[in-house]
Amino acid sequence: MAYTILSIETSCDETAVSLVSFKEHKDAVAFTIQGEALYSQAEKHAPYGGVYPTLAKREHRNNITPLILEVFNQAGVSLTKHTAQKNPIDIDDENLYNMLTLFLDYKKPECVDAIAVTYGPGLSPALWVGVNTARFLSSLWKVPLIPVNHMYGHIIIGLVKSAKIEYTKGSILALLVSGGHTELVLKEDEKWHIIGKTLDDALGESFDKVARMLDLPYPGGPCIEAYAKQAIEKGNTLSVQFPRPLIQTDSFDVSYSGLKTATRRYIEDTKDSIDIEKKEMIAREFQDAAIETILSKTKKALEKYSPHHFVVGGGVAANSFLRKSIETMSTIYPNTHFHFPEKKYTTDNALMIALAGWFLKEKTISPNDLIAEPHSTSYI
Ligand code: KG4
Ligand code: ZN
């Protein structure tokens with residue numbers, strides 16, 4: 001019998017919904033995406049050079065209901081009308097409630113066995129839209145509600161191979177690099193520990209900030225990567241090297257503020273001569289320094305812990321330079337299995353929340369008790 005999860009992700013600037021069916025095998029779980037829909041607000045936030053929380057909230061609110069309907073439509077699930085029900089739960093957001101009331105007229109779609117939702121970490125106003133939607137539907141349809149840590153979703157999606165996730169035994173080291181997080185986390189004896197993190201900016205955030213300094217659009221990561229690629233292809237390098245902060249220390253922590261400041265200073269000092277080729281070289285040098293910094297810590301962790309599995313996740317895992325560097329690194333550690341998420345699923349999506357939901361399906365919560373936790377660090 002298939003088990004089907006409706007999943008919701010609204011932690012940052014992507015509103016995403018998916019409907020995923022799972023079938024358990026002896027050593028793995030296989031899944032089928034019945035429907036998935038994603039609305040990226042990136043263009044709306046571009047003028048601000050970063051995500052504007054109240055705008056994110058409004059956009060999530062306007063899009064979450066149409067996306068849920070779209071996913072049911074893709075899955076061939078037709079909602080059946082029945083006598084309108086009463087509001088099942090208090091939602092402290094009248095505008096969202098007004099959008100959700102349409103579900104009061106419909107029966108629970110038969111296939112939905114559980115609802116998984118990102119409760120944190122992320123932007124509080126954004127998270128609450130997903131959390132409230134999930135609370136509403138879970139209490140209306142009386143289906144279990146599974147809270148999912150967003151970063152755990154970024155880990156799990158990296159372990160997918162041919163629409164299956166093997167039940168891994170042994171330790172896992174994960175490198176999480178996104179717009180809000182830069183962490184090395186280790187799973188040993190069924191427990192997750194953050195062994196290293198950024199002391200200031202996240203890696204993706206520093207890509208976004210440097211892009212802004214170079215007048216490149218938000219999100220900055222893909223742009224910086226494209227500019228750096230040009231410099232690499234042309235064989236152009238800057239005559240100076242930017243710093244690689246904390247690279248010599250024993251800890252697994254990183255810091256990006258010094259690199260960011262050095263990049264800013266360089267841009268200010270050479271303002272008069274910045275043409276497109278100079279921007280490409282700055283992008284290349286910044287990318288080299290930023291990625292070398294995190295990979296030196298990753299190597300250190302691989303050496304110290306010799307994990308059975310290594311997985312990379314988060315928006316910056318889309319970066320080809322990072323992926324290639326890790327692929328090269330993987331040859332040095334033959335006893336560790338290296339995993340990468342499909343590029344499409346490196347940035348925020350709802351499939352990763354459904355997959356994490358499967359692994360957390362025994363840890364349900366009452367819709368009355370679920371709250372958004374913007375700074376949550378408990379992976380499971
Ligand atoms: O995981 P994600 O979609 O959202 C958060 O949870 O933060 O990550 C978004 C971040 C942004 O900072 C974006 O600039 C960065 O991922 N990013 C990249 C690339 N694609 C997205 N950074 C470097 N290279 C890329 N190709
Ligand atoms: Zn993310």
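In the predicted model, the side chain of Asp-201 is in polar contact with the side chain of Lys-209 at 3.3 Å. A second polar contact, at 2.8 Å, links the side chain of Asp-201 to that of Lys-260. Asp-201 is located in the loop between β10 and α6. Its relative accessibility is 8%, and Asp-201 therefore counts as buried, the cut-off being under 20%.

The zinc ion (ligand 2) is held by three protein donors: NE2 of His-150, NE2 of His-154 and OD of Asp-348, at 2.1 to 2.2 Å. Along the chain these donors are spaced as H-x3-H-x193-D. Both histidines belong to helix α5, which covers residues 150–156. His-150 and His-154 are four residues apart in that helix, about one turn. An α-helix has 3.6 residues a turn, so residues three or four places apart point the same way. Both His-150 and His-154 are buried.

His-154 also takes part in the surroundings of ligand 1. One of its polar side-chain atoms lies 3.2 Å from an oxygen atom of ligand 1. Backbone atoms contribute as well: a polar backbone atom of Gly-179 is 2.8 Å from an oxygen atom of ligand 1, and for Gly-204 the corresponding distance from a polar backbone atom to an oxygen atom of ligand 1 is 3.1 Å. On its own, ligand 1 has 560 Å² of accessible area, of which the protein covers 91%. The largest pocket is the space taken by ligand 1. Two or more residues of the shell around ligand 1 come from each of the elements α5, α6 (203–213) and α7 (220–234). The shell comprises 21 residues, and those that come nearest are Gly-179, Asp-208, Glu-225, Gly-315 and Asn-319.

Helix α11, formed by residues 351–359, is mostly covered, with eight of its nine residues buried. The buried set consists of Leu-351, Met-352, Ile-353, Ala-354, Leu-355, Ala-356, Gly-357 and Trp-358.

Several backbone features were found in loops. Most residues other than glycine have a negative phi, and most peptide bonds are trans. A cis peptide bond is present between Gly-120 and Pro-121, with omega about -10°. Pro-121 is placed in the loop between β4 (114–120) and α4 (124–141). Another cis peptide bond joins Tyr-218 to Pro-219, with omega about -5°.

With a relative accessible area of 35%, Ala-163 is classed as partly exposed. Glu-190 is in the loop between β9 (182–188) and β10 (191–197). Its relative accessibility is 62%, so Glu-190 counts as exposed.

Notes
Residues are numbered from 1 along each chain as its sequence is written. Chains are lettered from A and ligands numbered from 1 in the order in which they are written. This is a predicted model: local features need pLDDT of at least 70, side-chain atom pairs count only at pLDDT 80 or more; totals for chains, interfaces and linings use all residues. Side-chain values use heavy atoms; hydrogens and water are left out. Donors are N, O and S atoms within 2.8 Å of the metal (3.2 Å for Na, K and Ca); water is not among the atoms, so sites may look incomplete. Buried means under 20% relative accessible area, exposed over 50%, partly exposed in between (1.4 Å probe, protein chains only). A residue is near a molecule or strand if one of its heavy atoms lies within 4 Å of it. A polar contact is a pair of N or O atoms within 3.5 Å; within protein, one must be able to donate a hydrogen and the other to accept it, and residues adjacent in sequence count only if both atoms are side-chain atoms. Accessible areas come from the Shrake-Rupley method with a 1.4 Å probe; for residues, only the protein chains shown count as cover. On a 1 Å grid over the protein atoms alone, a cavity is a set of points where a 1.4 Å probe fits but cannot get out, and a pocket is an open set with protein on both sides within 12 Å along at least five of seven lines; lining residues have an atom within 4 Å of a point. A molecule sits in a cavity or pocket if more than half of its atoms lie within 2 Å of its grid points.
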